[in-house]
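Visitor: I would like to learn how to read an interface, a helix and a loop residue. Can we take them in turn?

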Amino acid sequence: KACTPNYSPGRGWPCFNTDPMLKRDGFEDILEERRNSSDLKYALRCYAPVLYKGVTPCKANMLKNIVLQSDQLHYVINQVSQESGEAPDIIQEEASVILEEMAHRLQISTVRFFAFALSKAFKTLFQHVCVNEEGIQRLQQAIQEHPVVLLPSHRSYMDFLLMSYILYTYDLALPVIAAGMDFMGMKFVGEMLRMSGAFFIRRSFGGDKLYWAVFSEYVKTMLRNGFAPIEFFLEGTRSRTCKSLTPKLGLLNIVIEPFFKGEVFDVNLVPVSISYERILEESLYARELLGVPKPKESTSGLLKARRILSEDYGSIHVYFGQPVSVRSLAQGKVNRSTYNLFPRHIPRKPMEETQSFVNDTAYRIVRLQEDNMVLKPWVLMASLLLQNLEGLELSVLTEQTVWLRGLALSYAAFLDWPDHAPTAKVVSSSLALHRGLACVSGGRVSLVVGEPLGPVTPEEALFNRAVSVLSCASYRNQVLHVFLRPAMLAVAMHTAASSKKNEVYNCFSFLWDMFSNDFILCPGDIVQDFEEACYLLVKTGAVQMPQQDIVMTDIGQPTLSFFNGLLEPFLQGYQVVCRYLCEEASEGLTEKQYIPAVRSFAYSVLCVFTGNLRCYEVLSSDMQKNALAALLRGKLPTQKALLARL
Amino acid sequence: MGRSSVRVLAAATITMTLTSTVCFPRQEIMKWNGWGYSDSKFLFNKKGQAEFTGKRYSILGMVLPSLQDWFENTFGASVNHKSPATPALNASAVPPASLNEAFVEDLKATGIPFSHEAEDRVFRAHGHCLHEIFALREGKKFERVPDMVVWPNCHNDVVKIVELACKHNVCLIPYGGGTSVTSALECPPEETRCIVSLDTSQMNRILWIDEKNLVAHVEAGIIGQDLERLLNESGYCTGHEPDSMEFSSLGGWVATRASGMKKNVYGNIEDLVIHIKVVTPRGVIEKSCQGPRMSTGPDIHHFILGSEGTLGVVTEVTMKIRPIPEYQKYGSVVFPNFEAGVACLREVAKQRCAPASIRLMDNEQFQFGHALKPQVSSIFTNFVEGLKKFYITKFKGFDPHQLVVATLLFEGDRERVLQHEKQVYDIAATFGGLAAGEDNGQRGYILTFVIAYLRDLGMDYYVVAESFETSVPWDRVLDLCRNVKERINRECKERGVQFQPLTSCRVTQTYDAGACVYFYFAFNYRGLADPVHTYERVEHAAREEILANGGSLSHHHGVGKLRKEWMKESISSLGVGMLQSVKDYVDPDNIFGNRNLL
């Protein structure tokens with residue numbers, strides 16, 4: 001099969017005992033059959049999924065009635081009515097309107113339409129759509145036994161259509177999907193999505209008790225009765241950087257609560273990792289991060305995007321992870337009997353114990369998503385190219401890619417490296433697929449920078465350069481979760497005043513804390529992460545730890561310097577933000593003003609220092625926000641001092 | 001309809017003790033390693049059909065043709081695979097009595113009968129927990145049994161025994177009917193003192209009946225069915241009918257906070273007692289009057305009720321009596337599913353119109369009950385049965401694997417009963433319930449009396465079984481039942497139980513704010529190295545699940561030693577401290593050293 005990833009250690013690398021827990025399933029290409037048989041037949045075939053404990057499916061209208069008649073909602077309606085002086089009937093009517101705006105209207109005919117249309121589109125866009133069938137089997141089992149929550153990673157608009165498409169293909173129950181209201185801007189498409197199982201929630205409804213009550217009761221009703229798997233994106237939004245985003249807890253809290261309250265025996269969380277070889281929104285994201293406003297979702301915009309249909313986007317890998325039982329996770333962490341003394345239909349802020357459990361669970365799930373993300377050779381190449389912005393010889397790139405492959409594999413990366421293909425071929429086909437990002441000329445590989453016609457201001461030149469760097473970075477970012485911990489240790493070793501383990505740890509913990517918005521670092525895992533980093537670096541021979549020291553070995557130089565280079569853009573970026581805050585920022589700076597201000601500061605810094613400062617990534621609003629959050633969390637002067645040392 | 005089931009069932013009683021003066025061998029008419037009377041047991045006859053032996057129960061001698069199929073299909077067991085019990089007690093498995101000679105000397109002087117025969121001691125060394133009966137059947141060596149048994153004849157005898165026990169530092173364990181299912185009668189293995197089992201069976205007289213105030217003063221060793229029978233002779237009853245009433249004693253009810261089937265009319269034991277007399281190491285606890293309610297600080301009766309033999313011996317109880325009801329009628333209602341049944345019981349409780357007893361059996365128990373139907377004698381009955389079944393499943397569309405049945409017992413004067421019956425059936429109808437006749441109702445109650453005999457049958461064929469109970473608020477009943485069953489199934493699977501276990505529950509009592517839920521749990525243990533251990537782990541998990549779902553530690557079985565570990569969680573460590581300080585004051589030397597509860 002074309003898409004079976006290869007996890008044998010690379011040549012020249014010692015063979016390590018691979019963790020048996022990390023054994024991953026093989027993939028099947030679901031497009032293969034689509035290419036050989038009728039799409040129409042496929043769209044019209046018999047679809048009879050097995051449901052949770054054999055429940056009969058619930059019509060959308062019946063579901064709405066259950067929600068509107070629930071004790072939970074009645075309680076809040078009366079409460080709101082008492083607070084506002086409005087009659088309960090009126091509030092009830094409001095609730096009904098909210099529900100109408102929110103609820104899905106899943107229709108099999110629409111699903112069939114999508115099954116047909118997407119088959120056509122996928123075949124043009126992608127070479128393969130690969131799914132781990134064992135994961136599908138596990139999911140099927142899980143759906144019958146317990147309410148299931150599907151938690152896919154979110155990199156593209158495509159994600160949720162793709163998910164439903166796959167579940168339809170395998171005759172599994174179609175999920176209902178929490179989608180942002182922005183889709184509703186597209187009148188027709190919004191309704192189509194609604195009929196394919198999406199329900200819509202407002203982006204923010206902070207203090208709106210009634211909205212929250214309708215929303216949470218709607219989701220819980222579906223979950224408790226097991227009418228359909230619930231799907232939502234833990235990251236809340238599409239990650240524009242291809243790094244996983246800090247998970248949002250609202251919906252996770254809602255789907256876990258019925259377990260704590262004993263309303264269901266268990267809830268199964270299924271992490272799903274969707275990896276795109278090329279992301280459809282690639283350059284859009286880079287521009288968006290650089291402050292070019294995100295195009296509003298509109299039907300006409302979507303039609304314009306037809307242009308993308310003519311391009312090759314490589315393959316997609318969808319990995320359905322092992323279902324995670326909330327019951328087993330909560331064992332010994334949350335005492336469910338603390339829910340015994342309060343009526344279950346009265347909404348209540350989760351207890352501290354529960355909150356930290358949900359937070360922890362969210363992080364673990366995102367890490368599981370990361371673990372099963374399939375990485376392509378290009379991801380490694382992008383990491384190397386970003387450390388050589390001036391370009392590098394094709395032969396050097398090839399050689400270093402092979403080296404990096406070995407390193408990645410020994411750190412258990414889920415690498416899809418074509419079997420039996422010569423390395424040169426792998427590198428050249430990767431370059432071909434990503435010709436919009438990198439090019440080969442005169443035996444040298446370098447990033448492609450868009451050259452607009454006519455005269456160019458230094459800012460414009462910088463912007464164009466930044467677009468290509470950020471686009472490329474979105475690929476490097478995909479491998480960061482594999483290297484993050486050892487890389488932080490490498491930086492810590494580089495920075496620490498001595499090789500004493502203690503001092504290195506202090507540096508490591510500073511970095512860990514500082515980067516905890518940028519990367520997925522589970523709260524409280526700092527010591528564990530440090531030990532893991534030490535273990536991995538020792539395992540690959542880059543570091544040894546005699547007594548209380550951590551020192552580089554004779555052969556450790558390439559690894560450590562690669563790791564230092566890997567995090568350098570982040571360190572430099574944070575430094576620039578720190579400088580801005582110390583030198584330029586005025587009192588009373590609002591968050592709204594902050595992004596444009598720090599952006600123009602960064603532009604000016606980069607204009608002056610082109611050449612030796614390579615931190616184009618500081619122009620990314622994502623990094624700016626994360627750096628600010630990190631600095632706000634800590635004490636600015638100490639951090640400035642430490643950052644200066646880095 | 002005649003008198004309630006028990007009198008119909010048990011023709012003979014065990015009140016033989018009054019005539020016996022030397023020793024009091026209950027074990028002569030009762031099984032030493034199983035439930036109930038020696039002459040009453042289930043067995044599969046040579047044709048493989050189930051029979052019940054003996055003449056005591058109304059199903060006596062009857063053939064139960066469907067039981068074998070049900071048994072084999074439910075448990076994956078076979079009547080060809082027997083796991084017989086050891087036939088007789090092996091005296092060498094019983095540790096020798098370690099007697100406190102000085103105590104024995106002083107006791108002899110009082111003339112109170114006692115014994116240190118192995119059989120007497122073993123008989124009083126256990127209750128009816130699965131592990132206790134299983135060990136007896138297997139002929140396992142006993143770690144610790146009482147060193148001697150004493151039979152006081154009256155309150156003053158008890159006072160003397162307790163005084164001597166204090167004087168000689170002897171450990172006393174009160175023994176009533178021996179029907180405990182909480183390991184409460186087990187001797188603490190770490191106890192080094194001489195352990196004396198204080199058997200109250202000889203204190204079984206009704207001392208007086210006060211018809212003006214409708215109370216009776218009774219010695220606490222009296223067995224439930226004797227108490228009812230004797231009161232009936234004077235036209236009265238207590239109406240307190242726990243499922244164990246054939247064998248359990250009044251003192252035991254007080255010590256465990258027992259609950260009776262007909263509590264809706266008569267109340268639970270705490271509602272029935274007017275006065276309690278208790279002998280403790282510090283002296284006798286009594287009140288000064290029989291006022292029906294008092295505001296004199298916390299009710300000291302509530303230190304005694306549920307004290308599980310840790311504070312002293314209940315010797316005499318004054319309790320409420322009622323004239324025997326004029327009329328009694330059983331009934332039953334079939335519901336399409338358990339949810340509908342629970343909703344109906346909740347409504348009945350809300351309207352406060354519960355009959356003397358109302359119980360809702362789940363589908364598994366309904367089918368179990370059906371498996372106990374006797375051989376149908378005429379073609380006509382057969383035809384009627386078939387018609388009924390057709391009406392319910394085909395015409396009304398009830399799924400035979402979903403439907404549940406509520407059993408009812410009404411009591412009172414005839415007119416009222418009929419009126420009451422209509423009210424309840426009307427409520428049931430609004431929840432889709434169909435009246436299903438008196439027979440089904442009565443069979444439901446028979447099941448409770450023979451269930452313990454059936455456990456013995458199961459144990460003959462590699463099936464272990466146990467029951468446990470809880471009380472839970474109304475809104476959590478369904479969730480608790482579902483989750484506990486699922487937890488049991490899951491735990492069994494994880495622990496290598498080969499065949500899916502039987503998990504069944506019934507809502508067995510209703511209250512204003514909640515219900516009592518009773519679970520049966522049984523599985524085929526073939527292939528398991530240590531079935532009792534497996535069973536205990538599963539029961540432990542089930543209890544954790546109950547607590548996590550808002551259920552109580554116990555509704556009426558008590559805590560004993562089996563559930564001690566959850567006491568702190570259940571009543572807070574401060575609560576445990578309060579109980580402990582009472583224990584420390586009343587019994588500073590831990591004479592009543594059964595180590596229950598705390």
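Guide: Start with the interface. Buried area is the accessible area (1.4 Å probe) that two parts lose on being put together, summed over both. Between chain A and chain B about 1,300 Å² is buried, and carbon and sulfur atoms give 31% of that area. The model is predicted: local features need pLDDT of at least 70, side-chain atom pairs count only at pLDDT 80 or more, and totals for chains, interfaces and linings use all residues. Residues are numbered from 1 along each chain as its sequence is written, chains are lettered from A and ligands numbered from 1 in the order in which they are written, and side-chain values use heavy atoms, without hydrogens and water.

Visitor: How many residues of chain A are in contact with chain B?

Guide: Contact means heavy atoms within 4.5 Å. By that rule, 14 residues of chain A touch 14 residues of chain B.

Visitor: How many salt bridges does the rule find across the interface?

Guide: A salt bridge puts a side-chain nitrogen of Lys or Arg within 4 Å of a carboxyl oxygen of Asp or Glu. Six are found between chain A and chain B. One pairs B:Asp475 with A:Arg344, with the closest N and O atoms 3.3 Å apart. On the side of chain A that touches chain B, there are three nonpolar, four polar and seven charged residues. Here Ala, Val, Leu, Ile, Met, Phe, Trp, Tyr, Cys and Pro are nonpolar, Asp, Glu, Lys and Arg charged, and the others, Gly among them, polar.

Visitor: Now a helix. Is H5(B) mostly covered or mostly open?

Guide: Helices are DSSP runs (H or I, at least four residues) and strands likewise (E, at least two), numbered from the N terminus. Buried means under 20% relative accessible area, exposed over 50%, partly exposed in between (1.4 Å probe, protein chains only). H5(B), residues 130–138, is mostly covered, with seven of its nine residues buried. Among them are B:Leu130, B:Ile133 and B:Phe134. The buried residues pack against H4, H16, strand E19 and H18 of chain B. After H5(B) comes B:Gly139, with a positive phi near 70°.

Visitor: What about H18(B)?

Guide: H18(B) is also mostly covered: 14 of its 18 residues are buried. Just after H18(B), B:Gly550 has a positive phi of about 85°.

Visitor: Last, the loop residue. Where does B:Asn268 lie?

Guide: B:Asn268 sits in the loop between H9 and H10 of chain B. B:Asn268 is buried, at 5% relative accessible area. Its contacts beyond four places in sequence include B:Ala258, B:Lys263 and B:Tyr511.
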